[in-house]
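Here is a short tour of a structure for you to follow on screen. Please keep the view open as you read.

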Amino acid sequence: MKQKFYDTAEKQERAVLVGVITPHQTDEQTKEYLEELQFLVETAGAETVKTFTQKLQRPDRATFVGSGRLEDIKAFVTEEEIDIVVFDDELTPSQLRNIENELQVKILDRNNLILDIFAGRAQTAQAKSQVELAQLQYLLPRLTRLWTHLERQKGGIGMRGPGESQIETDRRLILNKISLLKEKLRQIDRQNETQRKNRVAMVRVALVGYTNVGKSTIMNMISKSEVFAENKLFATLDTTVRKVVIENVPFLLSDTVGFIRKLPHHLVECFKSTLDEVREADILVHVVDVSHPNFEDQIRTVNETLKDLGVIDKPTITVFNKIDAYQPVQNHTGEEVEPLTLDDFKHSWMAKNNSPAIFISATKKENIDEFRKMLYDKVVEIHAARYPYDQLLY
Ligand SMILES: Nc1nc2c(ncn2[C@@H]2O[C@H](COP(=O)(O)OP(=O)(O)OP(=O)(O)O)[C@@H](O)[C@H]2O)c(=O)[nH]1
Ligand SMILES: [Mg+2]
């Protein structure tokens, strides 16, 4: 709770958000995306003062938004003493340079922000090295292009200037650091692999899902452990594995990093080994926050990220969590709509499209027994198929 104390004691940085609305994006989606960006900014410790959007075919090549919009942002930034401007997409090196020149404040894009949060949250040597690797890999092409830009300006004459050699030195330092980190991570991987091999043969279940959906809360509830859970994005970065026993049947349950829309690709790369537990799992428990207005998008993002990781066709249980906070969509007359009962949920399209599905509230302990039963049945099924002679359990 020390963290909280510092947050209020120190002056919070003031941020402005910038997003482009493309033609294949609804207003509702845009609103959700920017709200998520605002949540990321808040998680990183800053306060959002205002959001600027612009409808464009695609982001402007030079300055992301048009020059007129950038003028507006500049006026606001100066007037309101803004510290950071955050863009909802990855900025190219030249966009970054142009915008920095114009606004003269700290500029971040979505990737920087996510990397920054990850860096602040990493606990173990593995997570720390993975984040640092991702940050350096993100930096490297930006350094190179800055350098080629300088090269072009000089017209190819007097190429041995200080600009070039400084950047060359930086580049070499970064490349060295990258290979050191990779070696360190390979070592950690080897240790972990040995550890996993030494584990007794048990069915392995992995909790997966979008960030902040309640994976760690469910882990704590099922395994009676104490995994850090809170209402911020990316509370969990390291994978935790616990042995759980339901009705004499033991299995391993793992909780891991949550996914997010537009997770920087190299970050996924760097976290691949943390996600080994997911790749090697026998059963996935895909947790969904049913109270989130955009949970369908979130399901899609999670499925795509899993595919990226090479995880396809694993037996999956979909857990719709937070039913206590579910907000039924109002009908067109605007009348109040009755909250859904468990039975309504069971017969909804959500259940039909994601079978087998279960609806729970982890914090209100609703429908937990049925969830345990479902998990138990699935574990027993896999256990029986794999160890047909092992009958001592059930
Ligand atoms: N209303 C409600 N809130 C819940 C429920 N389950 C979890 N939460 C809250 O949701 C927030 C996120 O929970 P976590 O368990 O940290 O979520 P997570 O999926 O592990 O998140 P990351 O580790 O950040 O990916 C916390 O504030 C929980 O108290 C639920 O059933 N109902
Ligand atoms: Mg968590």
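## Strands E1 and E2

E1 (residues 14-21) and E2 (47-55) pair in the parallel sense over 8 bridges; two strands pair if DSSP finds at least two bridges between them. Within this pairing, Arg14 stands opposite Glu47 of E2. Strands (E, at least two residues) and helices (H or I, at least four) are DSSP runs, numbered from the N terminus.

This is a predicted model, in which local features need pLDDT of at least 70 and side-chain atom pairs count only at pLDDT 80 or more, while totals for chains, interfaces and linings use all residues. Residues are numbered from 1 along each chain as its sequence is written, and chains are lettered from A and ligands numbered from 1 in the order in which they are written.

## The sheet around them

E1 and E2 belong to an open sheet of 4 strands, ordered E2-E1-E3-E4, with parallel pairing. E2 and E4 stand at the edges with a single partner strand each, so one side of each has no neighbour in the sheet. From one strand to the next, the twist averages 20° (angles run from 0 to 180 degrees between N-to-C directions, with axes as lines fitted to C-alpha atoms, for helices over the stretch in contact).

Helix H2 (residues 27-44) packs on this sheet and touches E1, E2 and E3, its direction making about 155° with that of E1. Helix H5 (residues 110-121) also packs on the sheet, touching E3 and E4, and its direction makes about 90° with that of E4. Contact here requires C-beta atoms, placed from the backbone, to lie within 7 Å.

## A look at E3

Strand E3 (residues 84-87) sends Ile84 and Val86 one way and Val85 and Phe87 the other, and all are buried (20 or more other C-beta atoms within 10 Å of a residue's own, all placed from the backbone). E3 runs parallel to E1, joined by 4 bridges, and parallel to E4 (residues 106-109), again joined by 4 bridges. Ile84 has Ala15 opposite, and its bridge partner in E4 is Lys106.

Together with helix H4 (residues 93-103), E3 and E4 make a right-handed β-α-β unit: with the strands pointing away from the viewer, the path from the first strand over the helix to the second runs clockwise.

## The whole chain

What does the secondary structure of the protein chain come to? There are 14 helices and 10 strands. Of its 394 residues, 33% count as buried.

Notes: A residue is buried if 20 or more other C-beta atoms lie within 10 Å of its own, exposed if 12 or fewer, and partly exposed in between; C-beta atoms are placed from the backbone. Two residues are in contact if their C-beta atoms, placed from the backbone, lie within 7 Å.
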